[in-house]
Amino acid sequence: MDVGKYLSRIGFEPQSESTLETLRSVHIRHLLSVPIENLTVHSGGLIHLDLPLLFDKIVNQRRGGFCCEINGLFSWLLTRLGFQVTLLSGQVKSKYTGCYGPHFDHLFLMVVIEGRRWLCDVGFGSEGFSFPLSLDTADPQEQGHRVYRIREETGMHYLEWQGDENSSGRKDWDALYKFTFEPRSLGDFSEMCIYHQCSPSSIFFSKSFCTLLKPGKRVTYIGHRLITETFPTEATGEVVKNTQELKDEEIPPILAEIFGVVLPSPLIPKDEDVRPPDVKH
């Protein structure tokens, strides 16, 4: 596990100081380089939360992974770069069912710099933020055409956003996930890592997908579809979505060309409905 090799993987030049600017830079470089994907589950493999295995997969094999894989390894990198990092657990609100997932549903990070707390998450997906969010304010935080906020209610914190279908007309706030500041360890997520690989209430089991942020857009493979979301410009003013239907034989070359992912075993595409989980609130 070599820091320099990891930084090369994400195209990041080593920085000498653990500043907010360094954190912002490494955060966005990670999002632009490492896809969020569950293709191991749909190509006959199993996921284990051991850091050397995660390093080999994400850095050496140039793959992506679940939130607990990506953010788990990212926490190791940030620690080696001199940051004060705490692993946190979130319950994601499913866009398919409207329900919150179980505890340890999502792994993300809190980084403290000069007494200020920052929310970091390079493993969330299409609704995720590009740069760290301040955990010390409830005010809206704009990032390009998107707006986020962190709301507190009876000891629970909610990461919320206003969507991005139209940059000129803001919508109501909608929760992405809820969480507390209780520190966690990577091993705490082992049971949920298994859950996501075998539960019909998990998108990771129900749909084969791979998604990657690119400059000005996001590209997502799911099932037999390739979806490109181009972000608003002055000319369009809104997100432009294009969907391409794929045949089985078209999927591997697209994964390699667009996402840099080459699987060791054949992929079985999947796109089934996600069932509501047992945990509703």
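Author: The account below takes the sheet, then its helices, then the cavity and the pockets.

The model is a predicted one. Its open sheet has eight strands, arranged in the order β5-β4-β3-β2-β9-β8-β7-β6 with antiparallel pairing. The edges are held by β5 (133-134) and β6 (141-143); each has a single partner strand, so one side of each is left without a neighbour in the sheet. In general, strands of a sheet pair through backbone hydrogen bonds, either parallel or antiparallel. Within this sheet, β3 (residues 106-113) and β4 (residues 116-120) run antiparallel and are joined by five bridges. Val 112 has Arg 117 of β4 as its bridge partner.

Two helices lie across these strands. Helix α2 (residues 20-33) lies across β3 and β4, running at about 5 degrees to β4. Helix α4 (residues 67-80) lies across β2 (84-92) and β3, and its angle to β3 is about 20 degrees.

The largest share, three residues, comes from α5. By class, the lining divides into seven nonpolar residues, two polar and one charged.

The largest pocket has a volume of about 1100 Å³. It is lined by 46 residues, of which Lys 95, Tyr 96, Ser 126, Glu 127 and Ile 203 are the closest to its centre. Among the elements that each supply at least two residues of this lining are the sheet strand β9 (174-179) and helix α5. The lining of the largest pocket comprises 18 nonpolar, 15 polar and 13 charged residues.

The second largest pocket has a volume of about 310 Å³. Of the 25 residues that line it, Ile 28, Ser 130, His 145, Leu 213 and Phe 231 are the closest to its centre. Helix α2 and the strands β7 (146-153) and β10 each supply at least two residues of the lining of this pocket, and the largest share, three residues, comes from α2. The lining of the second largest pocket has 12 nonpolar, nine polar and four charged residues.

Terms used. Residues are numbered from 1 along each chain as its sequence is written. This is a predicted model: local features need pLDDT of at least 70, side-chain atom pairs count only at pLDDT 80 or more; totals for chains, interfaces and linings use all residues. Side-chain values use heavy atoms; hydrogens and water are left out. Two strands pair if DSSP finds at least two bridges between them. Helices (H or I, at least four residues) and strands (E, at least two) are DSSP runs, numbered from the N terminus. Contact means heavy atoms within 4.5 Å. Axes are lines fitted to C-alpha atoms, for helices over the stretch in contact, and angles run from 0 to 180 degrees between N-to-C directions. Ala, Val, Leu, Ile, Met, Phe, Trp, Tyr, Cys and Pro count as nonpolar, Asp, Glu, Lys and Arg as charged, and the others, Gly among them, as polar. On a 1 Å grid over the protein atoms alone, a cavity is a set of points where a 1.4 Å probe fits but cannot get out, and a pocket is an open set with protein on both sides within 12 Å along at least five of seven lines; lining residues have an atom within 4 Å of a point. Grid points are joined across faces, edges and corners, and a volume is the space filled by probe spheres set on the points.
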